[in-house]
Amino acid sequence: MGALGLVTACGGPPPRGPASRGITPGAGQTLPGRPGGTGPASSIPVMPNTATAPPTRSAPATPVGPNSVAIKNFAFHPAALTVKAGTTVTWTNQDPEPHTVTSQGQGQGPLRSATLASGASYPYKFTTPGTYKYQCSIHPFMTATVTVTQ
């Protein structure tokens with residue numbers, strides 16, 4: 001009997017229209033904008049988009065403490081920091097891209113972090129007063145300073 005018997009048993013070709021897709025209007029209802037329905041497509045109510053993106057893990061937008069520098073959005077925050085001698089400053093990479101904390105100038109200055117992956121930190125204790133200019137060696141347009149006072 002096979003497929004031919006099945007088509008014959010069902011009574012011919014499949015029906016067309018909304019009812020064939022399991023959409024059947026109730027008494028006094030119509031299906032505007034649907035094949036076989038009545039009314040203009042513009043009468044279909046529009047539902048607001050309530051879908052939300054899944055939560056993403058993001059790092060804090062600001063440094064954790066007063067002697068902290070956040071590396072975020074390809075910049076150092078704050079770009080200028082003043083601390084007393086003997087203070088340890090900690091840089092934390094909050095970007096998804098790697099960065100470094102490197103003293104500006106060829107071989108100048110004490111700041112030489114390893115490449116900091118996202119979430120990694122680099123602490124440095126400043127013992128000598130002065131102004132320390134630094135940059136990201138991967139992205140040299142990222143610059144900032146730490147001023148160390150007595």
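This is a predicted model: local features need pLDDT of at least 70, side-chain atom pairs count only at pLDDT 80 or more; totals for chains, interfaces and linings use all residues.
User: In which sense do S1 and strand S2 (residues 76-77) pair, parallel or antiparallel?
Analyst: Residues are numbered from 1 along each chain as its sequence is written, and side-chain values use heavy atoms, leaving out hydrogens and water. Strands (E, at least two residues) are DSSP runs numbered from the N terminus, and two of them pair if DSSP finds at least two bridges between them. S1 and S2 are joined by two bridges, and the sense is antiparallel.

User: Which residue takes a positive phi in the hairpin of S1 and S2?
Analyst: Four residues lie between the two strands of this hairpin. The positive phi, near 55°, belongs to Asn73.

User: What is the bridge partner of Ala70 in S4?
Analyst: Ala70 has a bridge partner in S2, namely His77. S1 also pairs with strand S4 (residues 87-93), in the parallel sense over four bridges. In S4, the partner of Ala70 is Thr92.

User: Are the residues on the two faces of strand S1 (residues 68-71) buried or exposed?
Analyst: In a regular strand, side chains alternate between the two faces of the sheet. Here Ser68 and Ala70 lie on one side, with Val69 and Ile71 on the other. Taking buried as under 20% relative accessible area, exposed as over 50% and partly exposed as in between (1.4 Å probe, protein chains only), all four names are buried.
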